[in-house]
Amino acid sequence: MSPTRSAAGSVADTLVAGLRAQGVDRVFCVAGESYLPILDRLYDTAEIEVVTCRHEASAAFAAVADAKLTGHAGVCLVSRAPGATNAAIAAHSAAEDATPLVLIVGDVSTDERGRDSFQEIDCGQLFGGFTKGVWQLAHPPAAAEFLGRAFRVAESGTPGPVVLTVPEDVLYQRDPGPMSLTPVLAASATVRSADLAAVASTVRRARRPLLVAGGLLGSAKARATLRETSERLLLPILTSNKHQDLFDNRHPHYAGHLHNNTQAGQRALFERADVVLAVGTRLDATTTLGHRFPSGSVPDQALIHVYPDPARLGARHRPAIALAADPGTFLGSLAQTDPPTDPARVDWIDELHAFEVEKGRWQQHQADDGVPFGAVITALDDVTGGDIVVTVDSGTFTSWLYRYLRLTGNARMLGVTSSAMGFGVPAAVAAAMRLRRPVVAVVGDGGFLMTGSELATAVAHDLPLIVLIANNASYGTIRLHQERTYPGRVIATDLRNPDFARLAEAYGCLGLSIAEEADVAPVLRRAMGHGGPVVVDVRTSLQWITAYRRLALTQPLVAATSPRSL
């Protein structure tokens with residue numbers, strides 16, 4: 001390692017200039033000595049904001065959330081083995097979520113490779129099983145080429161994570177190579193007229209069609225096109241897992257959200273569809289309700305699958321029509337075709353939406369062990385009118401959001417299909433920085449204590465962030481399975497938590513608590529009006545474990561802290 005500052009013309013300079021050329025305006029990191037030259041060059045690069053996080057998992061989760069909002073690869077910088085392994089959970093989530101991520105890892109020096117060096121790790125072995133590429137930049141003239149390829153691969157086809165490792169000594173070396181960067185190539189912008197005609201004819205003839213909207217329709221333009229297509233062609237919209245925000249939930253064409261708590265009655269409705277038009281989704285296991293929708297490997301329902309990566313088409317479900325095309329462009333073309341004339345289409349749309357509306361009506365849930373979390377989500381819906389940015393961690397509490405939060409067309413919901421705990425708070429930090437509007441992070445007590453230290457980041461940037469903690473003193477999802485499979489043998493799922501409101505105050509946040517349903521509305525209004533970081537500790541019922549199930553507890557709850565009143 002060189003003790004001198006990195007100079008202009010070094011590999012570090014090329015990489016930072018390359019980030020700027022790719023349009024990167026923000027990177028997330030935990031500082032590490034193995035990539036100090038990159039940080040030094042970023043010091044002189046006002047166009048790129050460097051966000052210091054408190055854990056590499058949080059930094060990488062924040063980069064994933066940023067990518068979801070921009071549609072371009074999020075960027076995370078970490079140091080060798082400890083940093084890389086900490087960031088691996090978010091890289092895996094990016095892979096499962098088809099989210100573009102460029103993870104740059106400062107590596108040990110080239111002369112230390114293979115010598116059992118301090119913090120040495122083989123990133124190819126660590127990341128190779130689930131990323132789109134892991135490359136080591138060992139040849140200085142290839143710096144621009146490698147960085148350009150990382151972005152191109154991360155953002156093309158099925159988006160996903162790419163890892164670029166850079167040995168510490170290489171960062172200081174001069175780069176005599178060209179600065180040109182290969183641009184990211186977009187998916188095919190056109191759809192063959194014959195293919196479009198076949199899709200349009202199938203959709204027009206359908207009596208009970210369903211359009212399943214996937215995450216690649218996340219841009220503002222694609223969302224607008226989705227709505228236009230739905231209204232012109234009389235297509236009910238069903239959103240894929242963790243993408244409830246793609247279509248206005250209050251629109252009469254909204255048919256629901258496919259997730260791991262989609263109930264049998266609603267599934268039965270979806271199974272009556274005669275045509276399923278899946279656009280911008282890989283049709284993952286949760287979206288397809290465990291590979292049961294559309295029906296079987298050769299669907300009884302005609303499946304039309306539109307996705308930019310041809311390798312994903314027909315992977316599990318055999319489509320009647322498969323198109324490798326840009327989803328938004330395809331919908332724009334489809335919207336220009338002739339609309340249907342069968343009046344039964346309207347009845348079908350009304351039936352689907354009526355079920356969704358009725359499902360979302362709040363009814364009191366009696367509980368003697370805390371506040372049913374649905375009361376909080378219903379109040380959040382009332383206070384915001386569904387015009388909200390919300391990040392969702394993982395746990396049984398998510399079922400309450402999917403059931404009772406009715407998102408408008410301007411709302412955003414960010415979650416990860418991997419159901420990795422710890423996403424919620426760092427994702428909210430990234431969203432509040434990107435959107436500069438209030439963001440609500442909904443997390444469980446378990447997930448919060450994994451990455452809740454990013455409250456320090458929120459305070460440092462004075463972000464309008466509200467963290468709602470569903471505090472039932474349990475790893476609820478696992479407790480649910482435990483009670484069902486091993487009744488009366490509860491182990492490792494009880495939690496003894498701190499007073500989250502007081503903990504929030506120690507970070508410099510406003511700390512509030514909800515102990516009774518009467519507290520819910522006033523506390524939420526105070527939190528939403530605060531303008532800075534807020535934590536709301538909700539002592540929520542463990543008995544009401546989900547929005548659809550009451551748990552018969554087989555042994556007493558663990559003692560928990562008693563939240564203070566307002």
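Is Ser58 buried or exposed? In this predicted model, Ser58 is buried, as its relative accessible area is 0%.

View 1. With a relative accessible area of 0%, Ser58 falls under the 20% limit, so it counts as buried.

**View 2. An edge-to-face pair formed by Phe61 and Phe423.** Searching the whole structure turns up eight aromatic pairs. In one of these, the ring centres of Phe61 and Phe423 are 5.6 Å apart and the planes meet at 85 degrees; an angle over 60 counts as edge-to-face, so this pair gets that label. The two partners come from distant parts of the chain, 362 residues apart. Phe61 belongs to helix 3 (residues 56-70), while Phe423 sits in the loop between strand 14 (412-414) and helix 15 (424-435). Phe61 has a relative accessibility of 1% and therefore counts as buried. Phe423 is buried too, with a relative accessible area of 0%.

**View 3. Trp400 and Tyr404 as a stacked pair.** Here the distance from centre to centre is 6.2 Å, and there are 20 degrees between the planes of Trp400 and Tyr404. Why are these two residues separated by about one helical turn? Trp400 and Tyr404 are four residues apart in helix 14 (residues 398-404), which accounts for that spacing. Both Trp400 and Tyr404 are buried. If you widen the view to include Trp362, you will see a cluster in which ring pairs link Trp362, Trp400 and Tyr404.

**View 4. Arg149 over the rings of Trp135 and Phe146.** Where does Arg149 lie relative to Trp135? Arg149 is over the face of Trp135, 4.6 Å from the ring centre. For Phe146, the charged end of Arg149 sits over the ring at 4.8 Å from its centre.

**View 5. Thr99 in a loop, with its contacts.** Our last stop is the loop between helix 4 (81-97) and strand 4 (101-107), where Thr99 lies. Because its relative accessibility is 4%, Thr99 counts as buried. Not counting residues up to four places away in sequence, Thr99 touches Val64, Ala67, Lys68 and Ala94, along with Pro159, Gly160 and Pro161.

How values were computed: Residues are numbered from 1 along each chain as its sequence is written. This is a predicted model: local features need pLDDT of at least 70, side-chain atom pairs count only at pLDDT 80 or more; totals for chains, interfaces and linings use all residues. Side-chain values use heavy atoms; hydrogens and water are left out. Buried means under 20% relative accessible area, exposed over 50%, partly exposed in between (1.4 Å probe, protein chains only). Contact means heavy atoms within 4.5 Å. Rings of Phe, Tyr and Trp (its six-membered ring) pair if their centres lie within 6.5 Å; planes under 30 degrees apart count as stacked, over 60 as edge-to-face and the rest as tilted. A charge sits over a ring if NZ of Lys or CZ of Arg is within 6 Å of the ring centre and within 35 degrees of the ring normal.
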